[in-house]
Amino acid sequence: MTPFRDGTPSSSQDVMRTHGRSFHFASHFLKDRHAERAARLYAFCRYLDDTVDLAESKSEAERTLDHIARELAGEVPATAATRDFLALMDEVGLAPSMPVGLISGLRSDLGVVAVKTEAELIRYAYHVAGIVGLMMCDVVDVKAPEARPFAIDLGIAMQLTNIARDVDEDARRGHRYLPEAWVGPLTPQQIVDPDPEMKHILRQASRRLLDRAEIYYRSADHGLGHLPARARFAILVAGRVYRQIGVSIARQDHASWQGRARVSRPVKLQVAAGAALSFLGCPHLHARDALHDQTLHEALAGLPGTHPAGP
């Protein structure tokens, strides 16, 4: 299944509008050029996600990811989705290591997933979302290396929010991203049908995930000053909307087994209005001299874009 009907930017916008509503909402605040690129990046990432999520078997997903990797390397003819992404890579100067790292992260989703430690969780979030943050730097024409650790942090924050939102959905696929160090050897079945003790454990883990996410969101805010003004505001809105998912989860008393938390369009508009006030009134959102907290990347040593700088 490819999100590209014909490989055009307009079809990419359709994909983001349908599957990435929060990102589509925030993209309205970008320059047209940046919004078009962001939609193309999102559509390719969605294409990769669908390769894993919609495959009939682990072996089928592995074969498809292998083929896409070969397309990216120029070893076999590329499909429309990959051709468009290759064109985007050339247009904005994306390093080949970026999609390679993303595909590596997605491979870890194949089969049963049982995360052991918080460090493993942060590394996973880096590969499937922090790398997307790095690619977004290039999409909005930001080349300053100082910006990149903060971009990674926003991706990690969003992924931790996603995990908190999708605990039940992930468990039904045999995935448990909640670290065993937090919840013990909890099985996906116990998550889907929790007893009272398990519900308490899941609520505590959800709170812990969102607390960790908030640390990374706050760090990301300190890197916004490296972005062009319109991109700065759009990314601020995207981060605030994703933070609101966490608010919705908390309002459901962190009961992940009762359904996915959502943010309505009226609430998104309220969040955007609040972001506008922050944008006008918070000087730290425009500064470029913030020092990145190295401890946030202790689990990511040596990976591209991280602090201390990876290759």
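How many of the 18 residues of α8 are buried? The close-ups below begin with that helix.

**View 1. Helix α8, residues 148-165.** This is a predicted model, in which local features need pLDDT of at least 70 and side-chain atom pairs count only at pLDDT 80 or more, while totals for chains, interfaces and linings use all residues. Residues are numbered from 1 along each chain as its sequence is written, and side-chain values use heavy atoms, leaving out hydrogens and water. Helices here are DSSP runs (H or I, at least four residues), numbered from the N terminus. From first C-alpha to last, α8 reaches 26 Å, close to the 26 Å expected for its 18 residues at 1.5 Å a residue; that expected span is 1.5 Å times one less than the number of residues. As for the opening question, 18 of the 18 residues are buried, so α8 is largely enclosed by the rest of the structure. Buried means under 20% relative accessible area, exposed means over 50%, and partly exposed lies in between (1.4 Å probe, protein chains only).

**View 2. Arg-172 meets Asp-168 in a salt bridge.** Side chains of opposite charge can pair when their charged atoms come close. A salt bridge is a side-chain nitrogen of Lys or Arg within 4 Å of a carboxyl oxygen of Asp or Glu. In this pair the N to O distance is 2.9 Å. Arg-172 is exposed, at 57% relative accessible area, whereas Asp-168 is buried, at 13%.

**View 3. Asp-253 forms a salt bridge with Arg-203.** The closest N and O atoms of the two are 3.1 Å apart. The pair links distant parts of the chain, 50 residues apart: Asp-253 sits in the loop between α13 (229-251) and α14 (265-281), and Arg-203 in helix α12 (residues 196-221). Asp-253 is partly exposed, with a relative accessible area of 37%.

**View 4. Arg-243 and Asp-221 join in a salt bridge.** Their N to O distance is 3.2 Å. Arg-243 belongs to helix α13 and Asp-221 to helix α12, so the pair ties together parts 22 residues apart in sequence. Both partners are buried: Arg-243 has 16% relative accessibility, and Asp-221 has 12%.

View 5. Across the whole structure, a search finds 24 salt bridges.

**View 6. Ser-11 in helix α1, residues 9-19.** Ser-11 is buried, at 2% relative accessibility. Its C-alpha atom is 8.9 Å from that of Ala-39, which lies 28 residues away along the chain.

Definitions and conventions
Helix = DSSP H or I, 4+ residues; strand = E, 2+ residues; numbered from the N terminus.
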